[in-house]
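My entries follow in the order I made them.

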Amino acid sequence: MEKILIVEDDADIREGVRILLEGEGYSVIEAENGRAGLSLLEQDPDLVILDVMMPGMSGLKTCEEIRRTSYVPVLFLTARSQESDKLIGLMAGGDDYLAKPFSYSELLGRVKALVRRWKIYRGKEEPEEEQPGKFVELAGIRLNEEFNEVQINGENVEFSDIEYKILRLLMKYPAKVFSAQNLYESVWEEPYFYNCNSTVMVHIRRLRVKIEEDPKNPRLILTVWGKGYRFGER
């Protein structure tokens, strides 16, 4: 049974979300603030639903602390809906963003998608001993498709599920230009809307930080202005 951690200071919202998720067969644990939520990470949830605006430790700070030790998907809930607020949440390490008030059907759709991707990602993880697999290797990056592992210049590097999927897609089709819509619909497996472009940009930025010698002057993940992104050395 998949386990979901809800970190939300509004008891009524927590109760409503808990009832919804338990009705769908999920196990739910709850915390009323960020610090309490961090203490429950040891229960190994499959998803964290995290309110942005909380007294004490904010949801953004809580997410940053989560990312120090875990790549568990984080779904932000917030009363704010401006594009800049969404970008801040994604840059803090969030995977998705849902503005209040939201419909339960929309919430449930986001939850199922994030949990499904996390299960696939974790299900392919294997012990440290290397096993035969299907590899893609370019520009010093070696990607093991069977075990979702990435080595850069011989060193293992940790990637989130979304980061790994974007990198794999770009490396499998080097020199092909992927628009933001191509990437979003292929990786997130959801319909693309204009504001999804910012989501793609944030994850491209994270990838560059991990694989580029100089993320501000990338040589591997290149922007093709007006068209999208491609993998290829300058």
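Entry 1, the sheet. I began with E6 and strand E7 (residues 141–144), which run antiparallel and are joined by four bridges. I note that this is a predicted model. Within this pair I found leucine 138 opposite isoleucine 141 of E7. I then traced the whole sheet: it is open, has four strands in the order E6-E7-E8-E9, and is paired antiparallel. Strand E6 (135–138) and strand E9 (155–156) each have a single partner strand, so one side of each has no neighbour in the sheet.

I went to the loop between E7 and E8, where asparagine 148 sits. Is asparagine 148 buried or exposed? Its relative accessibility is 11%, and buried means under 20%, so I put asparagine 148 down as buried. I also looked up serine 160, which is twelve residues from asparagine 148 in sequence. Their C-alpha atoms are 10.0 Å apart in space.

I listed the buried residues of H7 as Ala180, Leu183, Tyr184 and Val187. These four are on the same side of H7, because they cover an arc of only 95 degrees around the axis. Just after H7, I came to glutamate 189, which has a positive phi of about 60 degrees.

At what angle do helix H7 (residues 180–187) and helix H8 (residues 196–211) pack? I read about 85 degrees, with the axes 9 Å apart. Angles of 65 to 115 degrees count as roughly perpendicular, so I describe H7 and H8 that way. From H7, the contact uses Ala180, Leu183 and Tyr184. From H8, Cys196, Asn197, Thr199, Val200 and Ile204 take part. I sorted the residues of this contact into six nonpolar and two polar, with no charged ones.

I finished with strand E10 (residues 221–224) and strand E11 (residues 228–231), an antiparallel pair with four bridges. Here isoleucine 221 is opposite phenylalanine 231 of E11. Three residues lie between the strands of this hairpin, and I noted that glycine 226 has a positive phi near 80 degrees.

Note on methods. Residues are numbered from 1 along each chain as its sequence is written. This is a predicted model: local features need pLDDT of at least 70, side-chain atom pairs count only at pLDDT 80 or more; totals for chains, interfaces and linings use all residues. Side-chain values use heavy atoms; hydrogens and water are left out. Axes are lines fitted to C-alpha atoms, for helices over the stretch in contact, and angles run from 0 to 180 degrees between N-to-C directions. Helices (H or I, at least four residues) and strands (E, at least two) are DSSP runs, numbered from the N terminus. Angles under 35 degrees count as roughly parallel, over 145 as roughly antiparallel, 65 to 115 as roughly perpendicular and the rest as oblique. Contact means heavy atoms within 4.5 Å. Ala, Val, Leu, Ile, Met, Phe, Trp, Tyr, Cys and Pro count as nonpolar, Asp, Glu, Lys and Arg as charged, and the others, Gly among them, as polar. Two strands pair if DSSP finds at least two bridges between them. Buried means under 20% relative accessible area, exposed over 50%, partly exposed in between (1.4 Å probe, protein chains only). The arc is that of the directions from the helix axis to the C-beta atoms.
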